[in-house]
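Subject: The structure, and what I found in it

Hi there,

Here is the structure I said I would send over. Have a look at it first, and then read on for my notes.

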Amino acid sequence: RWASRSATTQRRKDRLRQHSEHIGLDNDLREVGGICKRHEMMFIPSLYKYMQEARSLGKNLRQPKLSDLSPAVIAQTNSKFVEGLLKECRMKTKRMLVEKMGHEAVELGHGEANITGLEENTLIASLCDLLERIWSHGLQVKQVVIPYRAVIIPIKKLSNAITTSNPWICVSGELGDTGVMQIPKNLLEMTFECQNLGKLTTVQIGHDNSGLLAKWLVDCVMVRNEITGHTYKFPCGRWLGKGVDDGSLERILIGELVSSTSDEELGKQCRTPPQQKSPTTARRLSITSLTGKNTKPNAGQIQEGIGEAVNNIVKHFHKPEKERGSLTILLCGENGLVAALEQVFHHGFKSARIFHKNVFIWDFIEKAVAYFETSDQIGDNEEALLLQRSSCKTFCHYVNAINTAPRNIGKDGKFQILVCLGTRDHLLPQWMPLLAECPLITRMYEENALLRDRMTVNSLIRVLQTLQDFNIVLEGSLIKGVDV
């Protein structure tokens with residue numbers, strides 16, 4: 001039996017020797033992997049040792065700094081570098097070949113395998129890493145700059161097509177923003193280059209209110225990516241200027257992707273339809289009835305709009321992350337949460353009957369803050385009183401922070417920021433009862449107003465509480481300059 005075992009062992013040695021002679025293993029390969037005496041099979045070092053060898057060899061073969069060398073020395077250095085990489089590539093390829101032959105030998109009954117599938121995958125991954133380093137040698141990485149084209153479309157019949165002030169624009173997307181860019185005077189179109197902004201979301205537009213014709217009625221802004229051809233429309237339909245509309249010198253416009261537009265069509269876009277205007281015009285929005293006449297939404301339609309807006313946000317967070325749309329549109333878009341809450345606050349508002357000038361929701365908000373800061377709240381018990389005081393303090397802090405922000409945003413824009421911050425910080429359900437129970441509401445709202453209906457307010461609070469569990473991240477352009 002002993003003689004039989006010796007003969008079997010000798011046959012295995014002969015076969016392994018024939019394999020080695022057939023593939024022409026050189027001395028470099030024999031230094032990397034030795035022959036195991038016990039099983040007479042190729043022994044592959046551990047995973048850690050392989051990774052250490054690859055890393056050390058990669059460091060040794062890194063390209064030196066060539067800025068101060070002559071062309072001949074540079075050529076010689078590059079030649080040595082490439083030769084080293086190719087030598088390492090040959091070694092790894094031979095190693096994988098020997099391992100493959102070892103597996104085939106085991107399948108033919110020549111012995112037991114000492115090489116695992118993990119080590120084989122490690123070898124392949126190491127070779128791929130080496131090839132990647134070879135192809136990336138000397139690669140020049142350039143920053144991608146994308147050309148964009150922006151067109152500002154005014155409503156010419158009602159205002160000046162050109163403003164005498166100094167207008168500016170800032171385009172924002174999912175990957176960044178352009179920063180403030182001055183619009184050339186007497187021009188309504190400009191091209192610019194910047195890093196890839198990704199999907200465009202907002203446009204901030206404004207001016208410094210200088211000159212005799214500073215008031216500007218902007219219909220919309222069109223921005224197109226000249227590489228992809230994607231065109232985004234940012235409806236406005238509002239004035240920019242002191243003493244007109246809500247006195248805003250700056251507006252935040254929410255955009256959506258539209259069908260591809262040619263150069264001629266891009267310049268001829270005009271007249272934003274009433275239902276496509278900026279969401280900040282929600283106080284003037286109306287619902288078109290079947291007869292074609294515009295009518296104000298009733299209480300039921302307003303409550304339905306609130307439920308739909310909140311439901312859209314909830315569905316947004318239940319979708320896979322890759323399938324989610326723009327949260328900014330769901331908050332500030334045409335049918336977003338801000339527009340729905342504006343309808344609630346405008347229902348039963350007495351401004352048109354009592355005051356000669358326009359009165360905005362923000363006027364009521366500021367009067368409520370003044371009341372909270374000068375009056376002592378009275379609660380049913382100590383716990384309710386502490387909660388009420390905390391909510392009042394937080395509400396006043398947010399409103400004052402918005403008012404002191406270094407931005408020329410109008411009253412409707414300030415209300416939009418307040419709603420966005422309250423949604424992000426889950427404070428809206430605490431603020432709604434404060435405003436509904438404020439004594440000023442009886443002077444500024446009619447008796448049938450939604451805010452004076454306790455059941456409606458409680459229902460609104462319950463709907464808003466469904467957003468408490470979601471982490472809402474606001475786009476920087478919406479709250480820029482507001483420190484809370």
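How many residues does helix 7 have, and how far does it reach from its first C-alpha to its last? Helix 7, at residues 299-318, has 20 residues and reaches 29 Å, close to the 28 Å expected at 1.5 Å a residue. Please keep in mind that this is a predicted model.

Let me stay with helix 7 for a moment. Its buried residues are I302, I306, A309, V310, I313, V314, H316 and F317. They cover an arc of only 160° around the axis, so they sit on the same side of helix 7. On the face turned away from the buried side, helix 7 carries the exposed residues E304 and H318. As for partners, the buried residues of helix 7 pack against helix 8 (327-332), helix 9 (337-346) and helix 16 (454-465).

Next, the cores. The largest nonpolar core has 68 residues, and those with the most contacts inside it are L337, F345, F364, I365, F395, L418 and Y445. If you click on F345, you will find that it touches I361, F364, F415, M432, L435, Y445 and L451, not counting residues up to four places away in sequence. Apart from that core lies another, of 25 residues, with A150, V221, F234 and C236 among them.

Now for the strands. Is strand 7, at residues 216-225, mostly covered or mostly open? Strand 7 is mostly covered, with 10 of its 10 residues buried. It pairs with two strands that I looked at:

- Strand 1 (residues 145-154) runs antiparallel to strand 7, and 7 bridges join them. Here V151 stands opposite M222 of strand 7.
- Strand 8 (residues 231-240) also runs antiparallel to strand 7, joined to it by 8 bridges. The bridge partner of C220 in strand 8 is P235.

Strands 7 and 8 form a hairpin with 5 residues between them, and G229 in the turn has a positive phi of about 80°.

Two residues from another part of the chain may interest you as a pair. S172 lies in strand 2 (residues 168-173), while E174 lies in the loop between strand 2 and strand 3 (176-177). Which of the two is buried, and which is exposed? S172 has a relative accessible area of 4%, under the 20% cut-off, so it counts as buried. E174 has a relative accessible area of 52%, over the 50% cut-off, and is therefore exposed.

Their contacts are worth a look too. Leaving aside neighbours within four places in sequence, S172 is in contact with D177, L200, T201, T202, Q204, E475 and S477. On the same terms, E174 is in contact with L197, K199 and T201. E174 and G198 are 24 residues apart in sequence, yet their C-alpha atoms are 5.4 Å apart in space.

Finally, a word on confidence. The protein averages a pLDDT of 77, and 68% of the residues score at least 70. Over residues 25-48 the pLDDT is below 50, and this stretch has 45 contacts in the model beyond near neighbours in sequence. Residues 269-294 also have a pLDDT below 50, with 64 such contacts in the model.

Happy to go through any of this with you.

Best wishes

Technical notes: Residues are numbered from 1 along each chain as its sequence is written. This is a predicted model: local features need pLDDT of at least 70, side-chain atom pairs count only at pLDDT 80 or more; totals for chains, interfaces and linings use all residues. Side-chain values use heavy atoms; hydrogens and water are left out. A nonpolar core is a set of buried Ala, Val, Leu, Ile, Met, Phe, Trp, Tyr and Cys residues joined through side-chain atoms within 4.5 Å. Buried means under 20% relative accessible area, exposed over 50%, partly exposed in between (1.4 Å probe, protein chains only). Contact means heavy atoms within 4.5 Å. Helices (H or I, at least four residues) and strands (E, at least two) are DSSP runs, numbered from the N terminus. Two strands pair if DSSP finds at least two bridges between them. pLDDT is the predictor's confidence in each residue, from 0 to 100. The expected span of a helix is 1.5 Å times one less than its number of residues. The arc is that of the directions from the helix axis to the C-beta atoms.
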